[in-house]
Amino acid sequence: MRPVCGVRSNRVHGSYLRFPADVPSGGQSIVLQLRVRRFACGNSGCTRRTFVEQIPGLTR
């Protein structure tokens, strides 16, 4: 995963559940539960110490 600074990190800091809104399927409302990981950035010059992985097409 890459934070804003662009330096790759594999150091998992933790995880949590996300519930993206507005996910209709076949005209019915559904609840989507995603467990996403929070990573620690190893770049001491980065403005973010941790960042969350993004799921293409589902999260930003």
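**Cysteines, sheet and contacts**

Reply: Starting with a cysteine: Cys5 is partly exposed, because its relative accessibility is 33%. Keep in mind that this is a predicted model.

Me: And Cys46, buried or exposed?

Reply: Cys46 has a relative accessible area of 13%, so Cys46 is buried.

Me: How many disulfides are there in the whole structure?

Reply: A search of the whole structure gives zero disulfides. For Cys5, the nearest cysteine sulfur belongs to Cys46 and is 3.6 Å away, and Cys5 is in no disulfide. Cys46 is in no disulfide either, its nearest cysteine sulfur being that of Cys5.

Me: How many bridges join β1 to β4?

Reply: Six, between residues 12–18 of β1 and residues 34–40 of β4, with the strands running antiparallel. One example is Leu17, whose bridge partner in β4 is Arg35.

Me: How many bridges for β4 and β5?

Reply: Three, also in the antiparallel sense. Here Ala40 stands opposite Thr50 in β5.

Me: What holds strands of a sheet together in general?

Reply: Strands in a sheet pair by backbone hydrogen bonds, and the arrangement can be parallel or antiparallel.

Me: What does Thr50 touch, leaving aside neighbours within four places in sequence?

Reply: Thr50 is in contact with His13, Arg38, Phe39 and Ala40. With Arg38 there is a polar contact, side chain to side chain, at 3.0 Å.

Me: How accessible is Thr50?

Reply: Its relative accessible area is 24%, so Thr50 counts as partly exposed.

Me: And how far is Thr50 from Arg37?

Reply: Their C-alpha atoms are separated by 10 Å, and the two residues are 13 apart along the chain.

Me: Switching topic. How many aromatic pairs does a search of the whole structure find?

Reply: One. Phe39 and Phe51 are stacked, with 5.8 Å centre to centre and 20° between the planes. Phe39 is in strand β4 and Phe51 in strand β5, so the pair ties together parts twelve residues apart in sequence.

Me: Last one: where is Glu53?

Reply: Glu53 is in the segment after β5, which covers 50–52.

Me: Buried or exposed? I mean Glu53.

Reply: Glu53 counts as buried, because its relative accessibility is 10%. The cut-off for buried is under 20%.

Me: What does the side chain of Glu53 reach?

Reply: The backbone nitrogen of Arg37, at 2.8 Å.

Me: And which residues does Glu53 touch, not counting those up to four places away in sequence?

Reply: Glu53 touches Met1, Arg35, Val36, Arg37, Phe39 and Thr59.

Technical notes: Residues are numbered from 1 along each chain as its sequence is written. This is a predicted model: local features need pLDDT of at least 70, side-chain atom pairs count only at pLDDT 80 or more; totals for chains, interfaces and linings use all residues. Side-chain values use heavy atoms; hydrogens and water are left out. Helices (H or I, at least four residues) and strands (E, at least two) are DSSP runs, numbered from the N terminus. Buried means under 20% relative accessible area, exposed over 50%, partly exposed in between (1.4 Å probe, protein chains only). A polar contact is a pair of N or O atoms within 3.5 Å; within protein, one must be able to donate a hydrogen and the other to accept it, and residues adjacent in sequence count only if both atoms are side-chain atoms. Contact means heavy atoms within 4.5 Å. A disulfide is a pair of cysteine sulfur atoms within 2.5 Å. Two strands pair if DSSP finds at least two bridges between them. Rings of Phe, Tyr and Trp (its six-membered ring) pair if their centres lie within 6.5 Å; planes under 30 degrees apart count as stacked, over 60 as edge-to-face and the rest as tilted.
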